[in-house]
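Open the model in your viewer, keep the sequence panel beside it, and follow the stops below in order.

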Amino acid sequence: MASVVRFGIIGTGGMGQGHCNMTASIPEAQLTAICDIDPATAKCVSEKFGVPAFAKHTELIKSGLCDAVIIATPHPVRPAIAVDCMKAGLHVLSEKPLAEKVSAADTMIAAANATGVAFAVMFQRRTEPALAKAIEIVRGGQLGRLFRRTMISPEYRSQAYYDSGTWRATWSGEGGGVSMNQSPHILDLFILLGGMPCEVYGRMEIKLHRIEVEDLAEGMLTYPDGGHGYLYCSTNEAGPGQMIEIFGDQGKLLYRNGALTLYRFEPSVTEYTRTATGMWGGPQCTEVPVEINEAACGHGVITRNFARHILHGEPLLTPGEEGLASLELANALWLSASQGKPVTLPISRRAYDAFLEKKRKASTFQKGEVRVQRVTDPQHVI
Ligand SMILES: NC(=O)c1ccc[n+]([C@@H]2O[C@H](COP(=O)([O-])OP(=O)(O)OC[C@H]3O[C@@H](n4cnc5c(N)ncnc54)[C@H](O)[C@@H]3O)[C@@H](O)[C@H]2O)c1
C-alpha cells in the first residue's frame, strides 16, 4: 500500500505556491507536478520545487505523475478541470469557492459521486479551535431555540489587490465580489453554526473600489425554524471585528476573531416573558466560561486530512459537497438583489445561470492598469 499521495498543484499563483510549500511539510504528501497556463509562472515554480510543469491540466493528468490534485486556479475555470481530473481517477482538493455558480458546483459533486474519487474543499477555517467548541454549544442545544443569527465580516482589500489580476472582481473572471471570493470561509462557519436559511433578501453595492462586482454584500435571512438573520460582508471595512452572533431562548454566543463569549439566560427568554410580573428587567444573564482546546489549524491540516483520507480512510474534515452551501448563499444574495425581492433556497439553477450570463454579456467594464502579483495573504497559516 502507498504511504504517500502524489500531488499535482493546478494554478500556481499566490495560493497555489502556498500549496506547493505546504505539501513539502506533510509526511503523507509529495509534490510531483505543477500546472499553470502562464509559462513564466509555471517555469519559475517548476524550478523552485524541482518538479515538471505542464501548461494544461490535461497534460498533467496524462503524465501519470499524480494521484491527487489541488486546484487553485480562479474559480470559474475550476469545475471543468475538476471534472476532467475526477474522470481520470484523480482525487480532487478544490480551493474555495468550488465554482462561481451553484450549477457548476452541482456538476463537480455529481462527478465525484459517479467516479468515487475523494473530493474535498479548502475550508481551512474549519480547523479553528474555537469553532469545534461553538458547534458543540449550538448543536448541543445550550442556546435553546435560535431566534437570531448575525454575521459581520470586514474583509478589507485595497485597489492594488483588485488590480493584481485581470480576472479579479469581474463578472467573467470571478462571477461575484466579496460574497464570492473573500467571504466563503466565514459564510461556511456561519452556516455550520446557524444552519442554512430558507429565504434570502440580498442587497449588493460597489462603494470604494473601481471594480465590476460588489465590495459590499448584505442579506436579511429567514430560517426554517422561524428564526431570523442578517449578514454583512465588505472589502471596504478595515480593522478587526469579524463576528458571528447567535441568540437563542436560553443563551447567546459570540464568535469574534476566533474567541468565544457565552451567556446563559435564567429562566429562558420565553419563560421570563410569559411569567414576569414586573414591568422592567429581563432574565438573569450570566457569562459562562468557555474552555477552548488548542489544536493545529490552517491549510496544512486540511491537506494532510485529505491525504490521510485517501491513504487510510480518515473521515474528511471538509467534504467537497459541503462547499455548496456557502456558494448557494452567495448566489442567492445576488439573485435576490437583481430581482429586488427575497428568494427561496435552494435557488433555481436556471435563473442564476441566466442572471450571470446576462451580467457577463452586458459587461462594458474596462480594468485600469493591471500589475500582476501572484502573492497570497501572508496571514494564511500554511
Ligand atoms: N483558501 C484560501 O484561504 C484561499 C486564499 C487565497 C485564494 N484562494 C482561492 O484560490 C484561487 C486562486 O487565487 P490566487 O489568489 O492564488 O490567484 P492568482 O491569480 O495568484 O493565481 C491563479 C493562478 O491560476 C493560473 N491559471 C488560470 N487559469 C488556469 C488554468 N486553466 N489552468 C492552470 N492554471 C491556470 C493563473 O495563471 C495563476 O497563476 C481563487 O479561487 C481564490 O478564491 C483561497
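How far apart do the C-alpha centres of domain 1 and domain 2 lie? They lie 28 Å apart; to see the two parts, colour residues 5-124 together with 297-318 as domain 1, and residues 126-295 together with 326-362 as domain 2, bounds that come from an automatic or database domain assignment. Before going further, note that this is a predicted model, in which local features need pLDDT of at least 70 and side-chain atom pairs count only at pLDDT 80 or more, while totals for chains, interfaces and linings use all residues. Residues are numbered from 1 along each chain as its sequence is written.

**Where the domains touch**

Select next the contact between the domains, which takes 21 residues from domain 1 and 23 residues from domain 2; two residues are in contact if their C-beta atoms, placed from the backbone, lie within 7 Å. On the side of domain 1 that touches domain 2, the elements giving two or more residues are α5 and α10 (299-312), and α5 gives the most, with four residues. Helices (H or I, at least four residues) and strands (E, at least two) are DSSP runs, numbered from the N terminus. This side of domain 1 divides into 12 nonpolar, five polar and four charged residues, where Ala, Val, Leu, Ile, Met, Phe, Trp, Tyr, Cys and Pro count as nonpolar, Asp, Glu, Lys and Arg as charged, and the others, Gly among them, as polar.

**Around the ligand**

Now turn to the ligand, and to the 27 residues around it, of which Gly11, Gly13, Gly14, Met15 and Asp38 come nearest; a residue is near a molecule or strand if its C-beta atom, placed from the backbone, lies within 6 Å of it. Helix α1 (residues 14-23) supplies the largest share of this shell, three residues, and the shell as a whole divides into eight nonpolar, 14 polar and five charged residues.

**Helix α4**

Select residues 78-87, helix α4, and highlight its buried residues, Arg78, Pro79, Ile81, Ala82, Cys85 and Met86. They are on the same side of α4, because they cover an arc of only 165 degrees around the axis, the arc being that of the directions from the helix axis to the C-beta atoms. A residue is buried if 20 or more other C-beta atoms lie within 10 Å of its own, exposed if 12 or fewer, and partly exposed in between, with C-beta atoms placed from the backbone. Among what covers the buried residues of α4 are β1 (5-10), α3 (57-63), β4 (68-71), β5 (91-94) and α5 (102-115). After α4 comes Gly89, whose phi is positive, near 90 degrees.

**Stops in the loops**

Go on to Ala169, in the loop between α7 (159-162) and α8 (184-194), where phi is positive, about 55 degrees, although the residue is not a glycine. Is Ala169 buried or exposed? Ala169 counts as buried, because it has 28 C-beta neighbours inside 10 Å. Asn257, in the loop between β12 (251-256) and β13, also has a positive phi, near 50 degrees, but Asn257 counts as exposed, with 9 C-beta neighbours inside 10 Å.

Finish with two cis peptide bonds: one joins Glu266 and Pro267, with omega about -5 degrees, and Pro267 is in the loop between β13 (259-266) and α9 (269-275). The other runs from Leu345 to Pro346, with omega near -5 degrees, and Pro346 lies in the loop between β15 (343-344) and α12 (349-362).
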